[in-house]
Amino acid sequence: MFKAVLNNRSAEPKNIRWFYDQYAPMLLGYINGIVQNPQKSEDHLVAILTSFVKDVVVSPEKNRLNMWLELRQYAQSKLTLYTAKDHPSNHNQSVPKGGLDVLDDLQKRIFCAVYYHGKSIQYLATTIGCDESEIRNQLKLSIDKMRRASGN
Amino acid sequence: MEINKIIESGLMETYVMGIATEEEVQKVLSLKKEYPAFKAALEQLEYDMEVLAQNMSIEPPAGTLAKIEQEINEIQRQNQAVQNNFNSEYSYDKNHQENKREKYIEVESESNQMRVNKAWKWVFVAVFVLGKIFLAFAIYFYLENRQIKEQIKELKIELKQKNR
């Protein structure tokens, strides 16, 4: 126990502020996509950012692309109560504005199941009733559509 | 040509979405090292995923940063307190043991005292009083016995004198 406490790394306040400005709005949007409750999402945002800053060294020098991916997966692992809940890619859920409107129902369902709930290709193939290559293809198509829609 | 096919296969998307199998992750990492085109495409995809997340972002309410900073400070303060406490306890124990070792010879000893229930006090008083009574009786009967023996002795002497 003491070893764990003594090994705890403390973050610089300016790094915390930089990290917050950079990722808090994205993370809140992501959490709200999973939790579907603004008040609970804000509570989870505080808890997740606090523990992430405590557990992981955050600084502007660190590779920014990996940082968001790492943070997203960290958040997903902290929200297992919601992600493990048996709602196989609920496509009727309200998701934050931006991007998803360009997807058709199947693509939205697949994207949300993977992005918000971390469902595997194999799981989705079984649930939806098509083969894995089709799921993989639909996932790629949905990401491509959203990238194009956002001008990339 | 081959690498373009891999880029279009959806492998990168699976990796970036965090649902790639261990085998797929290893493949992506080795392709990233081997092919600059794959590396560039992967980095572009990672960047675009961040842009997508920015498009879906929600501005946190005012005061959220203060809450986070407060929580982090609280955790750091608690950790500091635990650490200080641990250090002081550890150094006290160490010094105390060293001092003890220097001043005294370590002897394994057992206490001579014993704990007894208070109720036993009255039993001990009763035993003491009875002991005194028995002692008084013993002395009394001893003296009585000695007196009787002397009387018998005198009677015997008297009888002998009468018989003569």
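## Chain B at a glance

Chain B holds six helices and zero strands, where helices (H or I, at least four residues) and strands (E, at least two) are DSSP runs numbered from the N terminus. Read from the N terminus on, its elements go α-α-α-α-α-α. Of the 164 residues in chain B, 12% are buried. Here a residue is buried if 20 or more other C-beta atoms lie within 10 Å of its own, exposed if 12 or fewer, and partly exposed in between, with C-beta atoms placed from the backbone.

One stretch of chain B carries an annotation: UniProt, in an unreviewed entry, puts the feature "transmembrane region" at residues 119-143 of chain B. UniProt positions follow the numbering used here, feature names are shortened, and annotations may be inferred rather than shown by experiment. In the model, residues 119-143 of chain B are 96% helix and 0% strand, with 37 Å between the end C-alpha atoms.

Residues are numbered from 1 along each chain as its sequence is written, and chains are lettered from A and ligands numbered from 1 in the order in which they are written.

The predictor's confidence in each residue, from 0 to 100, is its pLDDT. For chain A the mean pLDDT is 80, and 76% of the residues reach 70 or more. A stretch to handle with care is residues 1-8 of chain A, where pLDDT stays under 50 and the model has seven contacts beyond four places in sequence. Two residues are in contact if their C-beta atoms, placed from the backbone, lie within 7 Å. Where pLDDT is low, the predicted coordinates should not be read in detail.

## Chain A overall

Chain A has eight helices and zero strands, in the order α-α-α-α-α-α-α-α from the N terminus on. Among its 152 residues, 36% count as buried. Of the contacts in chain A between residues at least 6 apart in sequence, 63% link residues at least 24 apart.

A local detail to look at is Gln36(A), in the loop between helix 2 (13-35) and helix 3 (38-55) of chain A. The phi of Gln36(A) is near 60°, a positive value in a residue other than glycine. Most residues other than glycine have a negative phi, and most peptide bonds are trans. Gln36(A) is partly exposed because 16 other C-beta atoms lie within 10 Å.

## Helices 6, 7 and 8 of chain A

Helix 6 of chain A is mostly covered, with eight of its 11 residues buried. Among the buried residues are Gln107(A), Arg109(A), Ile110(A) and Phe111(A), and the buried residues of helix 6 pack against helix 7 and helix 8 of chain A. Axes are lines fitted to C-alpha atoms, for helices over the stretch in contact, and angles run from 0 to 180 degrees between N-to-C directions. Helix 6 and helix 8 of chain A pack at about 95°, their axes 9 Å apart, and are therefore roughly perpendicular to each other. In this scheme, angles under 35 degrees count as roughly parallel, over 145 as roughly antiparallel, 65 to 115 as roughly perpendicular and the rest as oblique. Leu106(A), Gln107(A), Ile110(A), Phe111(A) and Val114(A) of helix 6 meet Ile135(A), Gln138(A), Leu139(A), Leu141(A) and Ser142(A) of helix 8. By class, the residues of this contact are seven nonpolar, three polar and no charged. Ala, Val, Leu, Ile, Met, Phe, Trp, Tyr, Cys and Pro count as nonpolar, Asp, Glu, Lys and Arg as charged, and the others, Gly among them, as polar.

Gln138(A), in helix 8 of chain A, counts as buried because it has 21 C-beta neighbours inside 10 Å. Leaving aside neighbours within four places in sequence, Gln138(A) is in contact with Leu106(A), Gln107(A) and Ile110(A). Gln138(A) and Ile110(A) are 28 residues apart in sequence, yet 7.5 Å apart in space from C-alpha to C-alpha. Helix 7 (residues 121-128) and helix 8 (residues 132-149) of chain A have axes that come within 8 Å and cross at roughly 110°.

## Where the chains meet

Across the interface, 46 residues of chain A are in contact with 36 residues of chain B. Helix 2 of chain A gives the most to the side of chain A that touches chain B, with 12 residues. That side of chain A has 26 nonpolar, 14 polar and six charged residues.

How values were computed: Predicted model: local features only at pLDDT ≥ 70, side-chain atom pairs only at ≥ 80, totals over all residues.
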